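I opened the notebook for this model and listed what to look up.

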Amino acid sequence: MTKTLVKVGDFCPNTSCDDYGKVQSANQHNIIKFGKTPQGHQRYYCKTCKRTFVETKGTLFYRRRTPADEIMEVLALLAEGDRISSLVRVKGHKEETILDWLAEAAEHAEAVEAVLMADYQVTRGQLDGLWAYVGNKGEKKLS
Ligand SMILES: [Zn+2]
């Protein structure tokens, strides 16, 4: 089975890099850990393009038929209150596909939230609404 979701830091997110999007493996090791930001986020360094990036940046969905940016945009629109039915109509994706992305996003809620908040200005409250679609997976359990 192909892994479709990889962690930030597993590949270089710089689209102009020769090693852009190549997941780290025994033969592919252009990414190294590069200390932490003042906010405590892991920083990475790509030896190929000599750029640094932090864990909140980059692409979470990998090797999906739909570009990751577009998946994140759909998730952002959902978080902002768009209905799945209207996104199906406007964006042309199947409802099952969108629900599939959501389920996958929920598995990595923390990383997805970081990108949605940093790159799409989605708020905390909107994120809670997003996870409500997939059975409150992204929320902390109330004890
Ligand atoms: Zn690079």
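I counted rings of Phe, Tyr and Trp (its six-membered ring) as a pair if their centres lie within 6.5 Å, with planes under 30 degrees apart called stacked, over 60 edge-to-face and the rest tilted. The model is predicted, so local features need pLDDT of at least 70 and side-chain atom pairs pLDDT 80 or more, while totals for chains, interfaces and linings use all residues. Residues are numbered from 1 along each chain as its sequence is written, and side-chain values use heavy atoms, without hydrogens and water.

Aromatic pairs. I searched the whole structure and found 2 of them. One involves Phe34 and Tyr45: the ring centres are 4.9 Å apart and the planes at 20°, so I logged this pair as stacked. Phe34 sits in strand β1 (residues 31-36) and Tyr45 in strand β2 (residues 42-46), 11 residues apart; strands are DSSP runs of E, at least two residues, numbered from the N terminus.

I then checked accessibility, where buried means under 20% relative accessible area, exposed over 50% and partly exposed in between (1.4 Å probe, protein chains only). Phe34 is partly exposed at 38%, and Tyr45 is buried at 19%.

I took as donors N, O and S atoms within 2.8 Å of the metal (3.2 Å for Na, K and Ca); water is not among the atoms, so sites may look incomplete. The SG atoms of Cys12, Cys17, Cys46 and Cys49 lie 2.2 to 2.4 Å from the zinc ion. Cys17, in the segment before β1, and Cys49, in the loop between β2 and β3 (52-54), are 32 residues apart. Cys17 is buried at 7%, whereas Cys49 is partly exposed at 21%.

Conventions:
Helices (H or I, at least four residues) and strands (E, at least two) are DSSP runs, numbered from the N terminus.
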